[in-house]
Amino acid sequence: MAAPSSNLNCEDFAEFQELLKMMRTIDDRIVHELNTTVPTASFVGKVDASETCKGLHQSLSEAHESRERIIKSCIAQTSNVVKSLQEERKKSLEDIALLKRLRKEQTKLKLMQSELNVEEVVNDRSWKVFNERCRAHYRPPKSQ
């Protein structure tokens, strides 16, 4: 599920998190998806498990790439804001409002950077579950 970049708002961290939460739906539902689409040994002949796993692999890959792109984009945008505020701060050391804004942006940047770690955990969990259920039906290309 690719999020439209035109709706990407890195200014509001809560909105950023909400977007990621919505985009992580496929990872949150992976076990249910696999249980309902990949047949057990007794139902092997009734569903094409290799095509199902291939499609799920594609969806997971696209979702992971899209989220990583969004997170890195927001990190880059926020980093630029922090650098700009740091430059302003050098010129006016007495400006308390500027210092507060700088600290707020630095905190937001750290939170966004921590989302990369969360993303890694979410992705690892999804791939582990995927591989457990689909390894007998589908071998993904080596690019992963």
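Which helix is Leu116 found in? Leu116 is part of helix H5, helices here being DSSP runs of H or I with at least four residues, numbered from the N terminus. Keep in mind that this is a predicted model, where local features need pLDDT of at least 70, side-chain atom pairs count only at pLDDT 80 or more, and totals for chains, interfaces and linings use all residues. Residues are numbered from 1 along each chain as its sequence is written, and side-chain values use heavy atoms, with hydrogens and water left out.

Now look at H5 (residues 96-134) next to H4 (residues 49-91): their axes come within 9 Å and cross at roughly 165 degrees. Those axes are lines fitted to C-alpha atoms over the stretch in contact, with angles from 0 to 180 degrees between N-to-C directions. So H4 runs roughly antiparallel to H5, a label for angles over 145 degrees. By class, the contact of H4 with H5 has 19 nonpolar, 10 polar and 9 charged residues; Asp, Glu, Lys and Arg count as charged, Ala, Val, Leu, Ile, Met, Phe, Trp, Tyr, Cys and Pro as nonpolar, and the others, Gly among them, as polar.

Back to Leu116. Leaving aside residues up to four places away in sequence, Leu116 touches Ile71, Lys72 and Ile75, where contact means heavy atoms within 4.5 Å. Ile71 sits 45 residues away along the chain, yet its C-alpha atom and that of Leu116 are separated by 7.0 Å. Leu116 counts as partly exposed because its relative accessibility is 30%, in between buried (under 20%) and exposed (over 50%), using a 1.4 Å probe and protein chains only.

Notes: Helices (H or I, at least four residues) and strands (E, at least two) are DSSP runs, numbered from the N terminus. Angles under 35 degrees count as roughly parallel, over 145 as roughly antiparallel, 65 to 115 as roughly perpendicular and the rest as oblique.
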